[in-house]
Amino acid sequence: MKLTFKWLNEYVNLDGLTPEQIADRLSMLGLEVDAVVHMARGLEGLVTARIRTVRPHPDADRLTLCDVEVGAELIQVVCGAPNAREGLLTAIARPGVTLPGGMKIKKAKVRGQESLGMLCSARELGLSDEHGGILEIQGDLESGLALANALGLDDVMIEIDLTPNRPDCASVLGIAREVAGFAGRPLHPPVTRSELPVLTADHPEFSVEISEADLCPRYAARKLTAVRIAPSPLWLQQRLQAVGMRPINNIVDITNYVMLELGQPLHAFDFAHLAGGRIEVRCPRPDETVFTTLDGQQRTLDADMLMICDERRPVAVAGIMGGLESEVTEQTTEVLLESACFNPVSIRRTARRLNIASEASYRFERGVDPGGVDIALERAVRLMVDLAGAKLVDGGVDLYPGRKPELTISLRCRRVQDLLGMAISEEEIARHLRSIQFAVSEATDGVYRVTVPSFRVDIEREVDLVEEIARLAGYDAIPVSLPRIDMDYPRREPLRTLRQEIARIFTARGYSEAINYSFSAERKFAQLLLPQDDHRRKVTRLLNPLADDQEIMRSMLLPGLLDNVRHNHNYQRQDVALFETGKVFFHREEGVQPEERLQLCAVLSGQRYPDAPSLYFANCQAEIHDLKGLAESIFQVLGLAGTQGEIEFARAEEMGQPYGQDGYAIRIMDGAAEIGRLGKVNQQVLRNFGIKQDVYFLEMDLQAMNELPRVNKVFRSLPRYPSVKRDIAMIVSDEVPAGELIRAVSGLDEKIIEHAELFDIYRGKPVEKGKKSVAIAVTYRSADKTLDDETVDIVHEKIVNTLMSRFGGRYRDGQE
């Protein structure tokens with residue numbers, strides 16, 4: 001919102017206030033001032049000049065010699081402007097003056113003729129883009145006057161960044177109302193309600209019908225005749241230009257001026273081009289699909305766009321832009337002036353679809369005061385009578401089907417004091433609200449009845465009134481006090497904490513976290529080979545998806561990570577270790593929100609140690625046991641135990657998932673309940689995703705994990721006695737899980753067994769087919785003494801015998 005200091009001064013007395021002071025106070029009221037610009041800056045030294053004579057240049061066909069009067073002095077200036085003529089008042093830059101663009105004027109000779117200055121165009125002065133000739137200054141002004149004074153530019157432009165909830169301030173009068181409120185001065189509107197004529201629902205010379213009352217709560221119109229289309233007077237042009245608007249003609253300029261002044265957009269129709277002298281506010285008919293707007297562009301209409309129509313066709317897009325066929329031109333002599341209020345949602349939707357952003361739509365989108373429609377209409381017709389010589393036809397039409405009762409709110413003075421934390425009297429509360437034109441009754445038992453003016457569409461509740469009082473009293477007047485905070489540890493959300501803990505474990509192992517959209521494409525299910533009856537195919541669909549591949553809420557994390565793997569491979573990053581924790585969504589019945597569950601998924605592809613020296617780890621490919629070890633460490637680090645014993649990693653011959661490869665399946669079990677799975681991605685699925693190397697995956701249900709009990713940490717003193725390590729290497733059937741061997745060792749009731757771990761599995765020559773060599777390291781330690789070889793040998797032999805008898809193991813050939 002732009003306005004000038006002098007314009008604002010017409011509605012509220014600004015004596016004793018500077019533009020900077022007003023800007024500071026407005027910002028404190030919540031109306032942030034973006035800029036305060038002194039408009040005369042850059043025009044220093046420029047003065048008015050009147051051309052007395054014009055004669056041809058003796059040595060140049062396109063140049064003229066102008067004798068120019070500057071005050072009491074007559075000087076010669078060489079000029080090439082086509083509009084240079086006797087009697088023209090223009091602007092001159094004398095030698096030594098620097099123009100706004102930075103050019104410094106010097107005394108010079110042009111084709112042998114002396115030129116003591118430069119006659120300037122509007123563009124050279126930085127006033128507009130017009131450069132077809134020198135500036136023409138209207139009015140009976142003297143030469144030698146400072147140009148800024150002559151053009152009314154000795155003013156200050158203030159630019160305000162409005163929030164969407166304050167459409168009442170999208171006008172000069174609205175800002176003046178705020179200034180009057182904090183300055184304690186009366187407001188002087190250009191038209192008061194007591195001056196308004198009585199308008200009716202019909203008129204003998206034209207008619208108005210509202211077919212869409214929910215989209216147009218009020219529509220008023222008046223007719224003017226004997227209109228003379230001409231340029232606007234200089235003061236009006238200057239005022240519009242000061243706030244960035246281009247003057248067009250007196251009628252259009254008046255509608256723009258009143259819109260800026262009062263915040264009510266208006267539109268003038270050439271009455272001769274309104275078929276049947278009729279206005280109908282309706283949506284397009286089926287055959288009305290294209291409309292040409294004032295800018296000459298053809299717009300495609302939708303069935304729900306609100307239009308202003310005559311008897312035969314649309315003539316304007318309601319609240320946004322008029323039509324080319326009914327615009328005011330130089331031949332216009334009769335005008336029908338529209339002042340209306342439209343539904344903000346409808347205007348916003350239409351403006352977006354048509355890609356039109358206008359000053360009118362800006363205001364209608366935020367909400368225009370329906371109570372100000374007739375006031376703006378009266379203001380505009382008065383200006384048209386004064387500035388365009390128009391004759392006003394008696395009467396007019398004012399249809400108001402959307403009239404609402406006045407909103408009255410009970411305001412408790414005690415509530416104001418409690419919310420603001422400050423002592424403020426009842427009289428002061430009433431004074432603040434009345435200063436911005438709220439009607440306030442006398443207080444009864446500390447309660448006011450406050451009637452909200454129609455222009456404050458943002459006020460709905462008592463707390464909104466409290467905010468108004470805080471603004472006017474000054475936010476800096478609210479006392480500062482430290483809040484009382486109990487010294488306790490805030491309760492953390494368990495699932496959030498679990499996600500953070502898991503993320504730390506994965507990143508410590510060199511994994512990168514992926515964050516994919518919660519939206520996916522339905523075709524991913526076919527790529528994963530999911531059958532039609534799989535419960536994960538029952539998805540929640542988006543009504544307005546961002547893209548074709550984001551049409552559903554995801555029910556799995558794996559597809560997104562496989563896309564990430566392919567993306568990395570395409571960019572020559574073959575070694576990929578990614579994980580993601582996020583929500584998946586399972587569809588319920590229609591009208592019910594989907595079930596949300598938090599899950600973990602990780603993928604591993606490429607080398608096990610991609611950043612390690614190739615001399616030691618060449619071609620060391622990752623495998624499923626890498627993910628298994630990571631999954632085991634999650635339970636170990638977090639201290640998670642099963643609800644029915646230990647968490648079991650059970651090998652399965654069949655994957656049980658169509659996207660997994662049989663023979664590479666491990667189920668993570670809590671008793672009979674599966675809480676996760678590990679596997680290798682099926683080769684067909686990899687081809688479907690465009691991946692050319694093996695990928696291993698881990699899937700876990702974090703919500704199920706969150707329900708698992710945690711083992712309390714127990715302090716143990718550091719061991720006082722040394723440990724003894726012995727290795728066992730034996731050949732067992734390939735069907736025997738290596739983990740079973742470890743569990744068998746740990747399950748022996750021997751106190752000196754401290755730890756057992758698997759450190760090697762070997763298949764191949766000289767081990768026969770169907771067998772494997774398993775190497776286990778066992779650590780022995782006593783809490784009471786240093787172990788001797790005899791004690792260790794007894795327990796170690798017991799372990800070996802147990803493994804051989806239970807799993808059919810034997811030593812390697814040549815090993816005792």
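Salt bridges and their surroundings

Mentor: The count comes to 62 salt bridges, where a salt bridge is a side-chain nitrogen of Lys or Arg within 4 Å of a carboxyl oxygen of Asp or Glu. This is a predicted model, in which local features need pLDDT of at least 70 and side-chain atom pairs count only at pLDDT 80 or more, while totals for chains, interfaces and linings use all residues. Residues are numbered from 1 along each chain as its sequence is written, and side-chain values use heavy atoms, with hydrogens and water left out.

Let us begin with one pair. The side chains of Arg166 and Glu178 meet in a salt bridge, with 2.9 Å from N to O. The pair links distant parts of the chain, for Arg166 sits in the loop between β10 (156-161) and α4 (172-183), whereas Glu178 belongs to helix α4, 12 residues apart. Helices (H or I, at least four residues) and strands (E, at least two) are DSSP runs, numbered from the N terminus. Arg166 is buried, at a relative accessible area of 5%, and Glu178 is buried too, at 1%; buried means under 20% relative accessible area, exposed over 50% and partly exposed in between, with a 1.4 Å probe and protein chains only.

To place one of its members, turn to helix α12 (residues 462-473), whose residue Glu468 is part of the contact with α11. The axes of α11 (residues 426-435) and α12 come within 9 Å and cross at roughly 90°; axes are lines fitted to C-alpha atoms, for helices over the stretch in contact, and angles run from 0 to 180 degrees between N-to-C directions. That makes α11 roughly perpendicular to α12, the word being used for angles of 65 to 115 degrees, while under 35 counts as roughly parallel, over 145 as roughly antiparallel and the rest as oblique. On the α11 side the contact (heavy atoms within 4.5 Å) is made by Ile429, His432, Leu433 and Ser435, and on the α12 side by Leu465, Glu468, Ile469, Leu472 and Ala473. These residues divide into six nonpolar, two polar and one charged, where Ala, Val, Leu, Ile, Met, Phe, Trp, Tyr, Cys and Pro count as nonpolar, Asp, Glu, Lys and Arg as charged, and the others, Gly among them, as polar.

Helix α12 also lies across β23 and β25, running at about 70° to β23. These two strands belong to an open sheet of three strands in the order β23-β25-β24, with antiparallel pairing, and two strands pair if DSSP finds at least two bridges between them. Because β23 (407-412) and β24 (439-440) stand at the edges with a single partner strand each, one side of each has no neighbour in the sheet. Strand β25 (residues 447-452) pairs with β23 in the antiparallel sense over six bridges, and in β25 the bridge partner of Ser410 is Arg449. Helix α10 (residues 413-420) packs on this sheet as well, touching β23 and β25, and its direction makes about 70° with that of β23.

Arg382 forms one with Glu378, the closest N and O atoms being 2.9 Å apart, and both residues lie in helix α9 (residues 373-388), four residues apart, about one turn of the helix. An α-helix has 3.6 residues a turn, so residues three or four places apart point the same way. Arg382 is partly exposed at 29% relative accessibility, while Glu378 is buried at 9%. In the other, Glu280 joins Arg278, with the closest N and O atoms 3.8 Å apart; Glu280 is buried at 10%, and Arg278 is partly exposed at 21%.

In helix α5 (residues 234-242), the buried residues are Leu236, Gln237, Gln238, Arg239, Leu240 and Ala242.
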